[in-house]
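Open the structure in your viewer and keep the selection panel at hand. The stops below say what to select next and what is there.

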Amino acid sequence: MILVSWVLIILMIALAILSIELKNLIAAVVAVGAVSLVISLLFLLIQAPDVAMAEASIGAALTMAIYIIGVRKTERSEKDG
Amino acid sequence: MIYYVGSFLLIALGLYAVIIKKNLIKILIGLDLIASGVNLLIISIGYVKGGTAPIFSRAGLKASMMVDPIPQALTLTAIVIDASEMALAVAFVVLLYKHYGTLDIKKIRSLKW
Amino acid sequence: MVRKVVYSIFLAIIVLALAMFFAAYPFGKNKMTVGEYYLNHGVAQTGAANIVTSVVLDYRGFDTLGEVSVLFAAAAGVAILFFLAGGTKREQEDLTKPNFVVRVGSRIIFPFILLFGSYIFIHGHLTPGGGFQGGSIIASGFLLLYLSYPGTRTNRDGLSIIEGLAGLTFVVLGLIGLFLPQYSFLYNFLPKGILNTIVSAGILPIIYIAIGFKVASEFAGIVDDMMCQVICRGGGK
């Protein structure tokens, strides 16, 4: 049980670092959606099923769709810095 | 215990993206990371070791072996409000791009640094 | 240079806060004060099996009303901003039709998504779930239709009518409580019923059904405004 929590939290930190450093903006937004999904699993492990459902449906599905539409209407890659 | 360290690390990474990065979409990604970190922190405060979810679905459940229900109710509200704030922020970014033609905040020149 | 100095100050504050958290809130210990009262008396006072539902809708029902109005303000703001922005030139060319499997499969699966979302917000007081979760699942069903048939528009007038009626239901149910002898806004005046049946817990299922419809129509409206590609309603260039 504790091993699963450690693995998921290390995966979450690695995805968060990836989402800040990637230059392709669509890949960065997909990484943020993956962070939301892993956090929803962590909510389930800590005995909060209501919040896990809300985070999975609102954070991982709708927020990622809104970000991708926003990136599509502007530029798709970061120029510098 | 690893939950506290993980959520504070998420908040620190989100602050790094908001303060140091120059692309507007990266700043919005940082705001989302800060919000997720704070939600994880609030729920992990209310955890009781050996507890179960606060729902009286079977006949034999007692109130003494459940986790705290109040942080879950507060976090539910916070998740929905964060999603609507992100939608409004993305709408502002699209309108800024149409007006200035770039997403670099050094060229937009509304902030002083 | 100034940014890095400011960020290191914030980092020092975060490390200090982490140390204080470890000392003051040990992980896994029972620190409930108000939560214990809600767990012991929640079933008797509200009649709902899901204690999180009774906290969100009965003990702190006024905060839920405030959250619903924040959602409404954000949806109105997005509608105004995208009316000003208009569609860009690049999107008018790539309206390619997706695969045959995607088109037919999404039409088959869309009613089941609506059914699943309605099941979640109708049983909000018995199982984990509720109005916000069920409403956003229905909005994801609408998003699936937008991705499979690019260029469709929904009937915005119908969505506005549903959203207005749902909000009106919530406020009217709260105002009825002012005319009763107990004299309090959002008072639970219907009978509490038997535990773990659908018709129980007073007005809580009715409020969650209204919230489910309202959240679904608002998120569907936000996605519809953002996907406005060729046929925007006036505005922009």
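Select chain B. Its secondary structure consists of four helices and zero strands, where helices (H or I, at least four residues) and strands (E, at least two) are DSSP runs, numbered from the N terminus. Along the sequence the pattern reads α-α-α-α.

Before going on, note that this is a predicted model: local features need pLDDT of at least 70, side-chain atom pairs count only at pLDDT 80 or more, and totals for chains, interfaces and linings use all residues. Residues are numbered from 1 along each chain as its sequence is written, while chains are lettered from A and ligands numbered from 1 in the order in which they are written.

Along its principal axes, the C-alpha trace spans about 65 × 25 × 15 Å. The radius of gyration of chain B is 20 Å, whereas a compact globule of 113 residues would have one near 13 Å. That radius is taken over C-alpha atoms, and the globule rule is 2.2 Å times the number of residues to the power 0.38.

How much of chain B is buried? Of its 113 residues, 47% are buried. A residue is buried if 20 or more other C-beta atoms lie within 10 Å of its own, exposed if 12 or fewer, and partly exposed in between, with C-beta atoms placed from the backbone. Of the contacts in chain B with a separation of 6 or more, 51% are between residues 24 or more positions apart; two residues are in contact if their C-beta atoms, placed from the backbone, lie within 7 Å.

Next, select chain A. Chain A has three helices and zero strands, in the order α-α-α from the N terminus on. Its C-alpha atoms fill a box of roughly 45 × 25 × 10 Å along the principal axes. Buried residues are 46% of the 81 in chain A.

Now show chains B and C together. Here 42 residues of chain C are in contact with 39 residues of chain B. On the chain C side, α4(C) gives the most, with eleven residues. The residues on that side divide into 32 nonpolar, six polar and four charged. Ala, Val, Leu, Ile, Met, Phe, Trp, Tyr, Cys and Pro count as nonpolar, Asp, Glu, Lys and Arg as charged, and the others, Gly among them, as polar.

Move to helix α8 of chain C, residues 204–226. The 23 residues of this helix reach 33 Å from first C-alpha to last, close to the expected 33 Å, which is 1.5 Å times one less than the number of residues. Why is α8(C) described as largely enclosed by the rest of the structure? Because 21 of its 23 residues are buried.

Apart from neighbours within four places in sequence, C:V223 is in contact with A:A65, C:A139, C:F142, C:L143 and C:Y146.

Finally, colour chain C by pLDDT, the predictor's confidence in each residue, from 0 to 100. Chain C averages 86, and 91% of the residues score at least 70. For the complex, the predictor gives an ipTM of 0.91 and a pTM of 0.90.
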